[in-house]
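Here is a short report on a ligand and the pocket around it. Look at the structure, then read on.

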Amino acid sequence: MRPLDDREFEGICSWLYDESGIYMNESKKMLVSGRLNKRINQLGLNGFGEYLKILKSKDDEEVQIAINLLTTNETFFFREEKHFEFFEKHIIPEFLTNPSIKVWSAASSTGEEAYSFSLLMAKHLGVLKDWKILGTDINTDVLKRARSGIYPIEGIKHIDESLLKAFCLKGKNKDQEIFRIDDQIRNKVSFTKHNLINVLPTKSNFDLIILRNVLIYFELEDKQKIVQNMIQKLKPNGWFLVGHSESINGYSDQLKQYQPGCYRLESS
Ligand SMILES: C[S@@+](CC[C@H](N)C(=O)[O-])C[C@H]1O[C@@H](n2cnc3c(N)ncnc32)[C@H](O)[C@@H]1O
């Protein structure tokens, strides 16, 4: 493994911060070194300094490859089940009387979060109703996997049997290690690249925004900016969910907390 000296590490951290807003400190040195080493070998480069030069030369393709390598994408179906209980108890009843619903799963990773919410929407609202979920992420590899709607079979252990039966297809024979989300759900969910430090360029606003397990990667000032930018994209009385350990209390006086991780835009 190539050595990553302090100056190179600082250079990579500052480059990553400029590109994505992700803040890394000394504790991430091993992680950065481990994740970029293989790529540096593949390219036949001398070391991190040379790689950093390529990144700074605005080689768009390499910039994306490095971002894909440096982001942490852990996720699973129905992660943080309290959100799904809250969703079914408080949000779905309102959606039942709403003729057109838009949901944004920001930092959606490989899509399990967007599909988990969409499975419950399909169950309670049906697939004929006008509802859509947009998943976004900065990492293009995870977006590709999300679009496929295909997952390792272990993922089913988090999904309720009735939802599995209604909206998922288990692979057979050589495909028995995978399952896929049925097209009636996939057609309602789309995925696109978006960097959270920018304002999402959409005309219409959302009834629900889900921003879970990603704020931890940002500094306080940037977290506040991200949340403030995102709530501009909420409809009046829209819901905003963040990870249970990611309080955003005090970030905006427009948001009222209903329970940990569950906020709503106050109508003025
Ligand atoms: C740990 S995953 C969280 C996935 C999902 N929300 C969940 O809670 O299970 C964090 C995701 O945030 C994405 N991410 C990190 N920085 C980002 C940024 N600046 N803009 C958009 N997505 C970002 C990563 O690529 C990764 O897929």
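## Polar contacts

A polar contact is a pair of N or O atoms within 3.5 Å. By that rule, a nitrogen atom of the ligand is 3.0 Å from an N or O atom in the side chain of asparagine 195. For asparagine 213, the side-chain N or O atom is 2.8 Å from an oxygen of the ligand. The protein buries 99% of the 600 Å² that the ligand exposes when taken alone (Shrake-Rupley method, 1.4 Å probe).

## Basis of the model

The model is predicted: local features need pLDDT of at least 70, side-chain atom pairs count only at pLDDT 80 or more, and totals for chains, interfaces and linings use all residues. Residues are numbered from 1 along each chain as its sequence is written, and side-chain values use heavy atoms, without hydrogens and water.

## The shell

The ligand is surrounded by 22 residues (a heavy atom within 4 Å). The closest are Thr75, Arg79, Asp137, Leu196 and Asn213. By class, this shell holds 7 nonpolar, 10 polar and 5 charged residues.

## The pocket

A pocket is an open set of points on a 1 Å grid where a 1.4 Å probe fits, with protein on both sides within 12 Å along at least five of seven lines.

The lining has 31 residues (an atom within 4 Å of a point). Thr72, Ala107, Asn213, Val214 and Tyr217 lie nearest the pocket's centre. By class, the lining has 13 nonpolar, 11 polar and 7 charged residues.

Terms used
A polar contact is a pair of N or O atoms within 3.5 Å; within protein, one must be able to donate a hydrogen and the other to accept it, and residues adjacent in sequence count only if both atoms are side-chain atoms. Ala, Val, Leu, Ile, Met, Phe, Trp, Tyr, Cys and Pro count as nonpolar, Asp, Glu, Lys and Arg as charged, and the others, Gly among them, as polar.
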